[in-house]
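Reader: I'd like to learn how to read the space around a ligand. Can you walk me through it?

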Amino acid sequence: MAGLNLGPYIHDGILLLPRIITRREATLIELAPSVLSANFAQLGAEALAAIDGGGTVLHLDVMDGHFVPNLTIGPPVVASLRKTIPKIPFDCHLMIENPDDYVGAFAEAGATWISVHQEACVHLNRTLHLIASHNCEPAVVINPATPVHTLDEVLDIVHHVLVMSVNPGFGAQKFIRGSLHKIEALVQIRERRGLSFRIEVDGGVDLTTVGDVVRAGADLLVAGNAVFGHGDIRENARKLLQSARGATAMRA
Ligand code: DX5
Ligand code: ZN
């Protein structure tokens, strides 16, 4: 979408309805750097650089080699990072089977928000309440192939919904544009039902996609490769956040 042309438009064959966001909403847009693409030998220093560049939430990807075909970090790494970074929210994205078995350990390690996949939870309501019982904010994630309506019964108890815009498991994948529809649908449902959950997007968010993501209505932006993959981490974070905040038409 260019400039102030705010009518419906078609992008990659998808009809999109741009929304004008307020200046207040724009300042609420937050960048959550995903350390998956960081140099793990310098994890603390690189995370701090991303925070210095404007990241206000640290996104931590937990993979078990079963729910997704990759292995990453567990509670000890989260606890170590917590010692280096005492204040900002830790957004623990659990891409694991049987997440109930690990919620307590991640809470103990310093998680602030814990998100679980709808696809991994047979008793999703119970799991979300379990997270809340450990004084963490509960959140739910949907894979690209999972429709928004599967979340109807939990939207009133989650801190945020995480819309995966790649198939989970790896960084630096191509953004799946169909996720924009899902973000827009969540905005509409939130307004219609008077709810307050936030909308996060994860996967392929970079300078070429962040504008569409923000205009669709996401306010928590996860970015791994775009922040840590190349160049200066601080500058990458700063430019991405600036692009996100400037991407949309604003009214006072
Ligand atoms: C993928 C992870 C993402 C990943 C995103 O399964 O959940 O958080 O780090 O990486 P980019 O931003 O590189 O697509
Ligand atoms: Zn993630």
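Author: A molecule sits in one if more than half of its atoms lie within 2 Å of its grid points. Here, ligand 1 takes up the largest pocket. This is a predicted model, where local features need pLDDT of at least 70, side-chain atom pairs count only at pLDDT 80 or more, and totals for chains, interfaces and linings use all residues. Residues are numbered from 1 along each chain as its sequence is written, chains are lettered from A and ligands numbered from 1 in the order written, and side-chain values use heavy atoms, leaving out hydrogens and water.

Reader: Which residues come nearest to ligand 1?

Author: A residue is near if one of its heavy atoms lies within 4 Å. Of the 20 residues around ligand 1, the nearest are Ser-34, Asp-61, Gly-169, Ala-172 and Asp-202.

Reader: What about polar contacts?

Author: Those are pairs of N or O atoms within 3.5 Å. A polar side-chain atom of Ser-34 is 2.7 Å from a ligand 1 oxygen.

Reader: How much of ligand 1 does the protein cover?

Author: Accessible area comes from the Shrake-Rupley method with a 1.4 Å probe. The protein covers 99% of the 380 Å² that ligand 1 has on its own.

How values were computed:
A polar contact is a pair of N or O atoms within 3.5 Å; within protein, one must be able to donate a hydrogen and the other to accept it, and residues adjacent in sequence count only if both atoms are side-chain atoms. On a 1 Å grid over the protein atoms alone, a cavity is a set of points where a 1.4 Å probe fits but cannot get out, and a pocket is an open set with protein on both sides within 12 Å along at least five of seven lines; lining residues have an atom within 4 Å of a point.
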